[in-house]
Amino acid sequence: MAKIYTDQDASLDPIKDKKIAVLGYGNQGRAWALNLRDSGLNVIVGLEREGNSWKQAVQDGFQPVHTEDAVKQADIIIFLIPDMVQRYVYREKVQPNMKEGADLVFAHGFNIHYKLIDPPSTSDVYMVAPKGPGATVRDFYTKGGGVPALVAVQQNPSGKALEKALAIAKGIGATRAGVIETTFKEETETDLFGEQTTLVGGVMELMRSAFRTLVELGYQPEVAYFETINEMKMIVDIIYEKGFTGMLKAVSDTAKYGGLTVGKFVINEEVRKRMLEAAEKIRSGKFAEEWIEEYNRGSPTIKEGLEEIENSLEEQTRRRLKEIIERGKPKS
Ligand SMILES: NC(=O)c1ccc[n+]([C@@H]2O[C@H](COP(=O)([O-])OP(=O)(O)OC[C@H]3O[C@@H](n4cnc5c(N)ncnc54)[C@H](O)[C@@H]3O)[C@@H](O)[C@H]2O)c1
Ligand SMILES: CC(C)(O)[C@@H](O)C(=O)O
Ligand SMILES: [Mg+2]
Ligand SMILES: [Mg+2]
């Protein structure tokens with residue numbers, strides 16, 4: 001059984017007198033910096049240059065400083081910059097400037113698990129990995145809730161790494177929900193698997209394939225969009241609140257029968273084999289190698305992919321339907 005920690009298992013004490021450097025002010029960086037500050041902790045935002053993130057941090061009441069200046073003052077250094085950038089920032093800005101024994105903290109295990117960063121043995125190295133997007137981490141916190149997270153300890157020379165990980169999890173609101181103890185390996189491999197096969201890749205391609213099938217069969221794109229893409233949120237919201245059982249209760253018997261039979265016909269053993277292949281590629285380190293190579297080439301696949309999606313019939317249709325979707329949203 002997984003070990004789960006909640007608010008009463010965590011205290012802010014181990015980090016309340018520490019200076020916490022949040023490196024990066026993007027998806028997670030902004031949410032963590034604001035939540036940790038609102039939890040009464042001492043946060044300094046460290047950024048590379050005076051660009052958009054800098055402006056946003058100033059607008060939110062921080063006084064950001066350059067990465068090396070944040071690192072010099074910090075007892076706890078949190079990496080909330082893109083995974084592909086972390087090793088360079090570590091090598092050039094963090095390692096030469098960090099206090100001996102400062103903690104290195106991650107929101108995802110990629111750089112440690114795949115050995116792209118080799119931390120000094122004097123540092124505690126731990127992770128707090130929210131199981132949700134950064135904007136939600138902030139939104140739930142401000143509304144009194146919290147996004148669940150995973151915690152893991154990689155190095156623990158102080159013997160206090162887990163308490164500090166739980167303190168940070170509490171500071172960002174995660175222990176209000178619950179925090180599961182894991183390893184860098186388990187978090188890295190499952191997080192990559194989830195975003196590739198379900199959350200980002202799988203769901204998007206499932207919706208797009210269904211949309212395109214209907215359009216190819218001559219149905220109106222607007223009808224196809226409502227059917228295969230827009231309604232997904234409503235169905236997933238019910239799954240989130242009431243599980244698959246609740247969702248199946250909320251749909252017609254016709255949908256239940258069709259869903260229970262055709263779902264398994266479309267998402268069949270072949271798909272599961274491919275999921276296993278995806279998992280194998282992650283576990284062997286091949287995906288990491290491929291992603292590093294893509295990044296080193298200037299991320300052409302990401303650029304082409306984003307452009308293709310931006311111009312796709314799905315997105316054109318969404319833009320045409322935007323007003324209807326906006327008008328229909330609940331008002332409170
Ligand atoms: N996006 C999420 O919701 C999410 C969820 C869980 C875990 N994570 C993990 O959190 C970490 C941060 O991801 P993110 O999506 O918040 O990052 P992001 O892409 O939003 O990071 C943007 C920030 O990084 C800074 N940055 C970009 N390039 C930089 C460079 N070359 N040098 C220094 N700073 C640079 C930007 O100025 C900006 O402040 C990653 O380890 C990621 O895997 C992200
Ligand atoms: C939000 C996600 C997909 O869960 C995260 O893992 C990421 O990498 O952005
Ligand atoms: Mg991820
Ligand atoms: Mg994730």
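This is a predicted model: local features need pLDDT of at least 70, side-chain atom pairs count only at pLDDT 80 or more; totals for chains, interfaces and linings use all residues.
Some housekeeping: residues are numbered from 1 along each chain as its sequence is written, while chains are lettered from A and ligands numbered from 1 in the order written. Local features need pLDDT of at least 70, side-chain atom pairs count only at pLDDT 80 or more, totals for chains, interfaces and linings use all residues, and side-chain values use heavy atoms, leaving out hydrogens and water.

**View 1. The largest nonpolar core.** This core (buried Ala, Val, Leu, Ile, Met, Phe, Trp, Tyr and Cys joined through side-chain atoms within 4.5 Å; buried is under 20% relative accessible area, 1.4 Å probe, protein chains only) has 38 residues, with Trp 32, Leu 36, Ile 78, Val 128 and Ile 168 touching the most other members. Looking beyond four places in sequence, Trp 32 touches Ile 78, Leu 80, Ala 107, Val 128, Pro 130, Ile 168 and Ile 172 (heavy atoms within 4.5 Å).

**View 2. Helix α7, tucked in.** Eight of the 11 residues of α7 (a DSSP run of H or I, at least four residues) are buried, so the helix is largely enclosed by the rest of the structure. Among those buried are Lys 164, Leu 166 and Gly 171. Next comes Gly 173, with a positive phi near 95 degrees.

**View 3. Around ligand 1.** Of the 21 residues around ligand 1 (a heavy atom within 4 Å), Tyr 25, Asn 27, Glu 48, Ser 53 and Asp 83 come nearest. Oxygen atoms of ligand 1 sit 2.7 Å from a polar side-chain atom of Ser 53 and 2.6 Å from one of Asp 83.

How values were computed:
Buried means under 20% relative accessible area, exposed over 50%, partly exposed in between (1.4 Å probe, protein chains only). Helices (H or I, at least four residues) and strands (E, at least two) are DSSP runs, numbered from the N terminus. A polar contact is a pair of N or O atoms within 3.5 Å; within protein, one must be able to donate a hydrogen and the other to accept it, and residues adjacent in sequence count only if both atoms are side-chain atoms.
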